[in-house]
Amino acid sequence: MREIIDLHCDTVLLSSDAGKTFHSWNGHINIDKLKAGGCLAQCFALFIPAFNELSAYHFDNMKPIEIYETLLKAYKAILEDSRDEIRPAYSPDDIAENTEKGFISSILTVEDGMLLDGCIDRVDTLWQDGVRMLALTWNYENSIGHPNSADSVLHTTKGLKDFGFEVVERMNQLGMIIDVSHLSEAGFMDVARSSKKPFAASHSCSRSLCDHSRNLTDEQLHILGDCGGVVGVNFYSRFLTEGSDDTKISDIVKHMVHIKNKAGMESLSWGSDFDGFESTIEFGDYSGFGMLTDALSKEFTDDEIDMINNGNFLRIFREVQN
């Protein structure tokens with residue numbers, strides 16, 4: 001049964017860097033694993049490496065916009081490689097239509113707005129290319145604003161820049177989901193105050209349960225819930241349990257219960273970060289998603305599990321585009 005919508009993976013970057021097709025890639029996600037795990041729709045992020053990461057992914061001397069264009073081609077190659085099994089989706093209606101025709105849906109996203117480089121017209125370019133969610137920052141400052149930081153002063157005082165507010169407004173106008181994962185706490189608050197549409201933390205966890213600047217405080221969770229947003233719970237062990245190298249189902253469930261209590265049931269989603277981290281995963285990879293959904297039954301009703309699996313994201317997807 002196809003039911004899972006996952007808000008974030010880094011499969012495009014890793015598989016293309018390894019020279020693998022979507023069928024031959026053996027990371028956390030490939031087409032066979034999506035089918036085995038019950039995928040309804042997968043958000044594929046085009047992660048834009050910068051600075052120290054450029055050499056690691058063979059992008060030396062390339063500008064962020066050039067990296068984006070390269071990864072966009074790689075994403076299209078994934079769709080072509082799996083054209084009999086997966087189709088792009090630009091709206092909730094597309095997901096429904098693809099499902100009716102027997103296809104998994106693919107939603108294109110971007111991680112790190114560095115590629116905008118102060119050019120507001122590039123938001124429109126992303127939209128025309130099919131991008132439906134944009135993470136404003138990654139781990140470095142860019143023209144939009146400031147990222148999360150272990151320095152509490154920077155984390156709570158350095159938020160969006162003037163251009164960042166322009167980006168939020170234009171994304172609202174187009175119907176593109178604002179992603180605040182990796183953004184500073186001050187930036188999060190700026191988005192909450194300025195966005196007229198719900199927003200997402202595509203792959204984040206609870207800071208009360210794991211004290212990492214990438215995670216959301218209880219105050220942030222409460223605000224996100226009040227704004228009608230969603231949190232995709234991240235599977236990286238270091239965001240679930242401090243110092244852990246093991247991704248355990250019980251830890252994921254603990255974070256989901258906590259987020260429900262602070263942000264509300266309507267705010268819970270999946271945000272695996274598959275192919276973007278290294279830790280030992282109790283359920284293996286995407287194909288083991290059934291073990292996760294089974295474990296939720298101890299804490300959530302069947303209707304609530306349906307909301308987590310797809311209902312909450314489909315709601316925000318539709319609300320942002322209306």
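Biologist: Let's take buried as under 20% relative accessible area, exposed as over 50% and partly exposed in between, with a 1.4 Å probe and protein chains only. Is His182 buried or exposed?

Modeller: His182 is buried, since its relative accessible area comes to 7%. Bear in mind that this is a predicted model, in which local features need pLDDT of at least 70 and side-chain atom pairs count only at pLDDT 80 or more, while totals for chains, interfaces and linings use all residues. Residues are numbered from 1 along each chain as its sequence is written, and side-chain values use heavy atoms, with hydrogens and water left out.

Biologist: Fine, and where does His182 lie?

Modeller: His182 lies in a loop, with strand 6 (177–179) on one side and helix 9 (185–194) on the other; helices (H or I, at least four residues) and strands (E, at least two) are DSSP runs numbered from the N terminus.

Biologist: What is the phi of His182 like?

Modeller: The phi of His182 is positive, at about 80 degrees, even though the residue is not a glycine. Most residues other than glycine have a negative phi.

Biologist: Which residues is His182 in contact with, leaving aside neighbours within four places in sequence?

Modeller: With contact taken as heavy atoms within 4.5 Å, the residues around His182 are Glu111, Thr137, Trp138, Asn139, Pro147, Asn148, His203 and Arg214.

Biologist: Let's follow up on His203, then: what joins the side chains of His182 and His203?

Modeller: A polar contact of 3.5 Å joins the side chains of His182 and His203, the term meaning a pair of N or O atoms within 3.5 Å, where within protein one must be able to donate a hydrogen and the other to accept it, and where residues adjacent in sequence count only if both atoms are side-chain atoms.

Biologist: And what does the side chain of His182 make with the side chain of Arg214?

Modeller: That pair also makes a polar contact, in this case at 3.4 Å between the side chains of His182 and Arg214.

Biologist: Changing topic to Asp117, where is that residue found?

Modeller: Asp117 is found in the loop that runs between strand 4 (104–111) and helix 6 (121–129).

Biologist: Is the phi of Asp117 positive or negative?

Modeller: Asp117, which is a residue other than glycine, has a positive phi near 50 degrees.

Biologist: Does Asp117 count as buried or exposed?

Modeller: Asp117 counts as exposed because its relative accessibility is 56%, whereas His182, at 7%, is buried.
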